[in-house]
Each structure stands twice: as C-alpha cells, then as structure tokens.
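Hi,

Here is the structure I promised to pass on.

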Amino acid sequence: MTTPSTVHSPYPRVYLVRHGTTEWSQNGRHTGLTDVPLLPSGVEQAKLLSSRIFENRYQDMVHIDNISLVLVSPLQRAQQTYEQLRLGGLAKERRHEEETHHGHPTSCFLRTQARTTSLLTEWDYGDYEGMTTKEILKTRPDWSLFGDNVPNGETVEQVAARADAIIELIHNYQRGQDSQGRETRVLKMPFTGQELNTQKDLQENIARKEEEEEKGELSKSSRTVVRIPENAGLRDVLVVAHGHFLRVFAARWLRMDGIQGKNLVLDTASVSVLGYEHTLEERVIKVWNQGNHLWKDNTRIG
C-alpha cells in the first residue's frame, strides 16, 4: 500500500496514537507529568497495534510506507508504546528478508525521522495530579477539566498553544513550505526552553544539518531539524502522545478552540487519523478512536 487510495484522498495523513494502559490510566487517575510506565497489558496493547495496524498491509487506515516522520512525547509510557511499534516493524523487516532473500526495506521505521519533544507531554494537572475525577468532584461538584482547568497546572489555552506549535510543524512539513509559504526541504523543530537554550544553537544546528545533507549524512545528534521528503506522497506523520493532549490537538487541527477537545474521547492504544479534503488547507478528521485491534480471544486487552 505504497500510494494512498484516491477514494480516501491523495493528501498526506497524521496518525495519532495514544499510549497503552498504565496503572494510573486503568484507575482513572489524572496522569500528567508523572512518569509512570506501561502495564504488561499496555505493552500487549502496543504489540497488537503494531501487528494488526502498523505491520498489516491488508488494512487501509494507516498507509505504512508513507510515514516519514515520528513525533513522540518524552514520557516513558509514550516512548514504550512507540518502541513496540518500531520493534514490530523491524522484526517484520527481518522476516521479509529471510522469506524473500531480497533485502528490500518494508518497515517504515527504517527510514523515519523520529523526534522526541516535550511539547507533546500530557496536560499538567497541577494540584489534581494523581486524583480521579470522582475525588475532585467531592470538593468541586461541577468541575470539568476543559471548562474549569486545574489549580497550579496548565490551562486549556496553554495546552492548545503547545499543540499549535506541533501542528504548524506538521502542516509545513506536509506542504513542503516554511511558515512564510516558501518552499523548503528543511524545517526547524519547535522546542521548549528546556530543550533548546538559545537561538544561536538552533542556527548552528540548521547549518550543520544542511551540510550533512549535502554529504548524504545525518548524525544522531542532529535532532533540532527535520528533512522534508522530496516525494510529497511520503509525508505522513505519526504522533505518539497522551489522551487529553491529543484531544486538544485534534480540536486545534480543525481550527476549533481547544476546549472542544472535551467532545473527543480517546482510549488507550487507540489510533486516529487526521488529514485533508480538497486542499492542504482544509483539515479534517478521517478516523477517530479506532480500537478494534485491541480485541483478542473475545476480550478487549487493557
């Protein structure tokens, strides 16, 4: 499935994956910046997502061969989920080589640019970190995260601003342009203050990246920029992050207020597909909260 079906439009896609189940997500506890790992069931969810979606060429939801950029939250529950996708794809590559003796690359993860950015971390729940909604409602009966925010945490507007920075990167990447509408082959990653200290550092990294590309090289340390594939059909993007953040992200993708994310429930280890209709300026949701891959022996894992 190298080329997207024209039935589903020829435009690139953005795949949103929420991390697998953790102890806190299973118990309904607000898990913001607390770095909890996946449960064994969460790891199994990620493996099912890998084998049944990202390694399965007989489905038309994820165009595997067209993924060229992966953006991942630094929190370990997202990193562990992505690692299962990556390892599954590489294992498939090894099986393919053994069966065909051709050695032609089939795993998209052999050629993707993977970037970790704290802009993708979950909503900072402040004083409500680790609490369940039921516990919060005891003292604030009418409370809603999207409508009322959290004390000493992020507002929905702050989460939306982080989402906007990633959306701008993805939109420019898929258009092959910078923010001024000029054609380009290289884009700078948006960074928080903790990730990039000075503008000088950024300019030096861009210059180094351009020099490496001229030589046909790319060092592992060059993480502040991304290269845009010349083939516009190979610009699908995978984002691995968190439930509430991705709900705000989807609302902002549709150019709605971030608060509208309250209407978009997102389950663990689900996959959603964002994209375009008619033009690269008309952004849409194609698939939302797909979790059929999580059923095994008539039981939903996680």
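Where does Leu33 lie? Leu33 is in the loop between helix H1 (23-26) and helix H2 (40-54). Before I go on: this is a predicted model, where local features need pLDDT of at least 70, side-chain atom pairs count only at pLDDT 80 or more, and totals for chains, interfaces and linings use all residues. Residues are numbered from 1 along each chain as its sequence is written, and side-chain values use heavy atoms, with hydrogens and water left out. Helices (H or I, at least four residues) and strands (E, at least two) are DSSP runs, numbered from the N terminus.

Back to Leu33. With 44% relative accessibility, Leu33 counts as partly exposed (buried is under 20% relative accessible area, exposed over 50%, partly exposed in between, with a 1.4 Å probe and protein chains only). Leaving aside neighbours within four places in sequence, Leu33 is in contact with Leu75, Thr121, Glu122, Asp124 and Glu129 (contact means heavy atoms within 4.5 Å). Its C-alpha is 9.9 Å from that of Gly130, 97 residues away along the chain.

Now the sheet. It is open and mixed, with 6 strands in the order E3-E2-E6-E1-E7-E8 (strands pair if DSSP finds at least two bridges between them). E3 (113-116) and E8 (279-290) are the edge strands with a single partner each, so one side of each has no neighbour in the sheet. E2 (residues 67-72) runs parallel to E6 (residues 236-241), joined by 5 bridges, and Ile67 stands opposite Asp236 in E6. E2 also pairs with E3 in the parallel sense, over 4 bridges; there, Val72 has Thr116 as its bridge partner.

Finally, the rings. There are 4 aromatic pairs, counting rings of Phe, Tyr and Trp (its six-membered ring) with centres within 6.5 Å; planes under 30 degrees apart are stacked, over 60 edge-to-face and the rest tilted. One of them is Trp123 with Phe146, edge-to-face at 5.4 Å centre to centre and 85 degrees between the planes. Trp123 sits in the loop between E3 and helix H4 (133-139), and Phe146 in helix H5 (residues 145-148), 23 residues apart. Trp123 counts as buried because its relative accessibility is 0%; Phe146, at 4%, is buried too.

Cheers
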